[in-house]
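Please read them alongside the coordinates.

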Amino acid sequence: MTAIPAPAGTQYGRRQADIYDAVYGSRGKDWSAEADTVAALVRSRCPDATSVLDVACGTGNHLRRLVELFDRADGLELSVPMGDIARAKVGWERVHTGDMRGFDLGRVYDAVLCMCFSIAYATSTDELCATLRCLAAHTAPDGVVVVEPWWFPERFRHGYVTASAVVQDGRAITRLSHSVRDGDTSRMTIRYTVADAEGIEDFTECEVHSLFTRDQYLTAFDDAGLRAEYREGGPSGRGLFVAAHG
């Protein structure tokens, strides 16, 4: 496993990991339905697919459904707290700790996924290329790669704000976010308030995502030896790249 230091702000710590499912579930995120859609897309390209790798699998919500749809479904996650939550859902042996920009699991899969715009944590086109080369190296010769990008620069909304709140399992959580463009990146400041029987805690996180262009993605896929196409729509409206060895 190649170790690459993660840029500041890109690893989910324990506080974020502990509330991740509650926050995004309350915002209507349906991981199971998304996994069904992506699995159908995979099988439209690779009908006999039996194995899948979910890169940057987070807390394992897609993976929990994928283990029901494929004979083998594994995950890769850089954040140890997020990975531990995923392991509790799908089993310790299924989730590997590693960096999408440099990893080697010693096997290939019929499908390799990188969802929830995790690809945008690559901080440069060099890191984007390194990530896609790793994905390609873990994809079987007749397999398929599916990547969900972050916003393209022309589609990013400078100054975008969101707010959500949820009460669940004796805990109340609010999340406020504000996103701005900073050159070729977006910076999202997120303020959380968490109240439970022990009291109230406030904390703020900053997430930085690269605003790669569509052409930069396609060039990076090509560099990795993958023939890619971009499909509009996708789980969050940002589209999907679907690729195969070319």
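1. A salt bridge here means a side-chain nitrogen of Lys or Arg within 4 Å of a carboxyl oxygen of Asp or Glu. Glu68 and Arg65 form such a contact, at 2.6 Å from N to O. The model is a predicted one, and it holds 16 salt bridges.

2. The Glu68 and Arg65 pair is local: both residues belong to helix H3 (residues 61-69) and stand three residues apart, about one turn of the helix. Glu68 is exposed, at 56% relative accessible area, while Arg65 is partly exposed at 23%.

3. Arg87 and Asp84 also meet in a salt bridge, with 3.0 Å from N to O. These two lie in helix H4 (residues 80-90); because they are three residues apart, about one helical turn separates them. Arg87 is buried, with a relative accessible area of 8%, whereas Asp84 is partly exposed at 28%. Through salt bridges with shared partners, Arg87 and Asp84 belong to one network with Arg14 and Asp18.

4. Which parts of the chain does the salt bridge between Arg45 and Glu229 link? The side chains meet at 2.7 Å, N to O. Arg45 is in helix H2 (residues 31-45) and Glu229 in strand E10 (residues 226-231), so the bridge links distant parts of the chain, 184 residues apart. Both ends are partly exposed: Arg45 has a relative accessible area of 37% and Glu229 one of 35%.

5. On the aromatic side, the count is 13 aromatic pairs. One of them is Phe221 with Phe241, a tilted pair with 5.4 Å between centres and 40° between the planes. This pair, too, links distant parts of the chain: Phe221 sits in helix H6 (residues 214-223) and Phe241 in strand E11 (residues 240-245), 20 residues apart.

6. Are Phe221 and Phe241 buried or exposed? Phe221 is buried, with 0% relative accessible area, and Phe241 is buried with a value of 0%. Because the cut-off for buried is under 20%, Phe221 at 0% falls within that class. Both rings are members of one aromatic cluster, together with Phe152, Phe212, Tyr217 and Tyr230.

7. Arg43 lies over the face of Phe70, 4.2 Å from the ring centre. The charged end of Arg107 is placed over the ring of Tyr109, at 4.3 Å from its centre.

Methods:
Residues numbered from 1 in each chain as written. Predicted model: local features only at pLDDT ≥ 70, side-chain atom pairs only at ≥ 80, totals over all residues. Heavy atoms only, no water. Phe/Tyr/Trp six-rings, centres within 6.5 Å; stacked < 30°, edge-to-face > 60°. Helix = DSSP H or I, 4+ residues; strand = E, 2+ residues; numbered from the N terminus. Buried < 20%, exposed > 50% of the residue type's maximum accessible area, 1.4 Å probe, protein only. Lys NZ or Arg CZ within 6 Å of the ring centre and 35° of its normal.
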